[in-house]
Every structure is written in C-alpha cells, then in structure tokens.
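Student: I'd like to learn how to read a structure like this one. Could you walk me through it?

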Amino acid sequence: MDILVIGAGLAGLSVAWHLRDQARVRVLERREQPGTEASSQNAGMIRRMGEDPYERALAVRTHERLEALPEELARFTPSRVTGALLGLVDDPWHLHDAAAHLRARGVRVESVDRPAEIAPILAGSPVRHAWYLPDERVADAHALVSGFVAGVRERGGEVRCREVVESVILEGGRAVGVRTADGELRADAVVLAAGAWSRHLAAEAGLSRPLVPLRRTLLQTAADSRAAGHPWTWLDDVGVYLRPEGTGWLLSGCDEAIDFPDDGPSTGPVEIEPRALALDKIERFLPALGEPRLTGGWTGLRTFAPDRRPMLGEDPELPGLWWAAGLGGFGVTCSLAVGEAVAGWLCGEQVPWLDREAVSPGRRTLRRWAIRPTGDLAGSKLVRVK
Ligand SMILES: Cc1cc2nc3c(=O)[nH]c(=O)nc-3n(C[C@H](O)[C@H](O)[C@H](O)COP(=O)(O)OP(=O)(O)OC[C@H]3O[C@@H](n4cnc5c(N)ncnc54)[C@H](O)[C@@H]3O)c2cc1C
C-alpha cells in the first residue's frame, strides 16, 4: 500500500508512524520542519476528562499507550505524570458524566473537598467542586513529533519538508494523489492531516467540511517557586488553566476567536484583550497567584468541527481521501489513538474502541455552534458555520 499524508503535525505523523510497517508512507509538509504549527503551539496537557465521549475514547486510548510505549518512542520521553486538578466554579455538575465514564474505565478520579491541599495555587479560589486525577500527564509535543519522524524514517518512510500540496488529484471520483509545485505524486490513499488548512484543501476537491480554526492565547510568567511539581490545574466552566513551565507558569484565559489562516505561520503575538481576560480571571479565580509578572506568550490555532469532534477516516463522498483533522484542543491528548484508528481503518482492521460513524468526516454537522469568546461556558456565543 502506498500512502501520502498531507501535513507533518501530530495527526499526520501519528498516522504515518502507525503505518510504518504496513505501507510505503510519504508525509508532505510545507514548512521547514515537522510539527511547527498547532503541534508546537499547545500547552501539552493530556486531559482525559473532556466533555465529549468520543474525545474521551481517544484520550483514554492514548493514555494507555503512553503508559506502555515501545522503546523506539519511549526513548524520546514524550510525556510524564504530573497529576491534574479540574475545578468548577459556577456549575459543579459540569464534569460528572465524564467522571463516571472514566471511573467505569478504571481511571483514578477523586472528588476533593479541599482542592488547595493538592493544588496550592487554588488557595482562596471560589471553586465549588473539584476532581483530582493523580495519573494525568503532560506531553512534550516536540519529543512526540521527533519520535514519530524517527520511527517513520527508520522503516524507510519519508517525511519531506518544504513540500506544499496544492491540490488533491481526482480521477473517476477517487482521490489518487496530490499536486505539488514539483509535479504529481500518486498513491493508493491520501491522508488529509493539514490542521487549520484541511478545510481549504478539501474545498478544492469539492468537499464542504466545516472545520473552523479558533485562536487561543498562552502566557508565560516569571519564576514562581510554587510551580515546581504542581499538578496542571484547569477551572473548566469559567475557563482558566495553568501548568508549571520552566520555573514559572504557562497559563490561559481560554479565549476563542475565529481566525482562518493564510499561507504563513499560524502563530501570533499576544493581544491586549486576551491578556486582560487572563489577568482578570486570575484575580477572580486564582487569587493566590497575585499579580503575576508576564514574561512572554503566543497564540495558536485550535481547529474544530462544530460538534467539537475530530474528523477521522475515509471521506464517504470521496473514496481514497482519508481524514485526520479537527483535533481542536485535544490533539496532543488524542495523538496516538488518532493515528492508530486511522491507520487501522486504512488497513481494513476493526477499531473496537471508537465508533467510526461518530467521527466520520461525512457526518451531519450543525449550521450554528457555540464558541466561547471569553472561555466561559456561560458566555458562549452562537455563530453560523459556512
Ligand atoms: C494554544 C493551544 C493550546 C493547546 N493546548 C493543548 C493541550 O493542552 N492539550 C492538547 O491535547 N492539545 C492542545 N492543543 C491542540 C493541539 O496542539 C492540536 O490539536 C494538534 O497539534 C493538531 O495537530 P495537527 O497535526 O492536526 O495540526 P498541525 O500541527 O497544525 O499540523 C498540520 C500540518 O499540516 C501542514 N500543512 C498544511 N497545509 C499544507 C499543505 N498544503 N501542504 C503541506 N503541508 C501542509 C502544516 O504546515 C502543519 O505542519 C492546543 C492548541 C493550541 C493552539
């Protein structure tokens, strides 16, 4: 089997890595290096306790895999256990379904009355309910990317940078290859894993797939001795999170703004409003942090389908075109499982832990969906999806 993958982010590389023994794989990446778009812009939290059951299925599977990695990936140390604290301020029941599901799967989820004893940065916080997951992890996305690339190349696969895919070649109603500036490449299947640019490439092939990129801001603080060894901490309903990064914190007020990228890099500088939003939330919900000195930050694109589920598997309207996109804010969390599922289906295997229809790129999608400009669930805003 001959497979072309468009995009060397976590999604495309994971698919390629899982196919490395069964297929001739070529990954085409427009940038100078693999993993330089969303896959380098994230906070790296591996979060199993999400709202969506399909996201959780992918997250639980990835977590299981990270606990027992083969040496060829383990030697890159792509993740480590930090523990996590998920707190709720306005809606104490918001994550109860997720907690029940995870517990049924054997994941350790503890309800905690005094969260500041586990996450001291919550001292004085108005949190009404909190969950502690002692086995949650943080990933080093760069290490994961490096491990995937090495694994693909060691088995004879290719990861080619500075290769811009201009369009997908269609013949007889099938995707049979891609066009680049250097000419045409043919394959048995094309995997569309182009992150925020996937929608555009699909549209060129005549498909309407409503993936919407949402920009989010991350901020870094100066050194704080309390950060060392602190579990990552996320107040989910009001939308603010932080985790240790270097000697300080990496934090976000969970801003969301629709922003379709051009051909240039998708990262951007910190703007005044999201910065102010994060500082306001710190004052209200994380008073123990005081007035942190911000030392830097960046923005990046999280690309979602309107139901916030990924698009995985063969496109029902275009045989030969396979999807690994729409990984939103959970692409690190689900990275290994996304590749395992798509590669498995490509090879004609059963993937019993994931419902294929639920993540199909051809599923019915909403015309309007709720984005969260201020990261606060109660402040969601309905937007029309074109
Ligand atoms: C601010 C922020 C915080 C986040 N925090 C977390 C977190 O804590 N936990 C978590 O699980 N996830 C998080 N995420 C999400 C995660 O980073 C993404 O879901 C994941 O990286 C998506 O990977 P991808 O491979 O789909 O996309 P990308 O990494 O964007 O890869 C797509 C690749 O396709 C290439 N490409 C595009 N078009 C073409 C073309 N025409 N030809 C060739 N190549 C092309 C691009 O250059 C790019 O390298 C966060 C994201 C952001 C932005």
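**Strands, a charged pair and a ligand**

Tutor: Isoleucine 46 stands opposite arginine 137 in β8. The model is predicted, so to speak: local features need pLDDT of at least 70, side-chain atom pairs count only at pLDDT 80 or more, and totals for chains, interfaces and linings use all residues. Residues are numbered from 1 along each chain as its sequence is written, and side-chain values use heavy atoms, with hydrogens and water left out.

Student: Which strands pair with β8, and in what order does the sheet run?

Tutor: Strands are DSSP runs of E with at least two residues, and helices are runs of H or I with at least four, numbered from the N terminus. Two strands pair if DSSP finds at least two bridges between them. Here an open, antiparallel sheet of three strands has the order β3-β8-β4. β3 and β4 (79-81) are at the edges with a single partner strand each, so one side of each has no neighbour in the sheet. Between β3 and β8 there are two bridges.

Student: What is the strand order in the sheet that contains β11?

Tutor: That open sheet has three strands in the order β10-β11-β12, again with antiparallel pairing. Its edge strands are β10 (165-171) and β12 (183-186). β10 and β11 (residues 174-180) pair over six bridges, and valine 165 has threonine 180 as its bridge partner in β11.

Student: How should I read a salt bridge?

Tutor: Side chains of opposite charge can pair when their charged atoms come close. The cut-off is a side-chain nitrogen of Lys or Arg within 4 Å of a carboxyl oxygen of Asp or Glu. This structure holds 35 salt bridges. One of them joins arginine 48 and glutamate 136, with the closest N and O atoms 2.4 Å apart. Arginine 48 is in the loop between β3 (45-46) and α3 (53-67), and glutamate 136 in the loop between β7 (129-133) and β8 (137-139), so the pair ties together parts that are 88 residues apart in sequence.

Student: Which backbone atoms lie by a nitrogen atom of the ligand?

Tutor: A polar contact here is a pair of N or O atoms within 3.5 Å. A backbone N or O atom of methionine 45 lies 2.8 Å from a ligand nitrogen, and one of alanine 43 lies 3.0 Å from a ligand nitrogen. The protein covers 97% of the 1,000 Å² of accessible area that the ligand has on its own (Shrake-Rupley method, 1.4 Å probe).

Student: How many residues surround the ligand?

Tutor: There are 37, counting a residue if one of its heavy atoms lies within 4 Å.

Methods. Polar contact = N/O pair within 3.5 Å; in protein donor to acceptor, adjacent residues only side chain to side chain.
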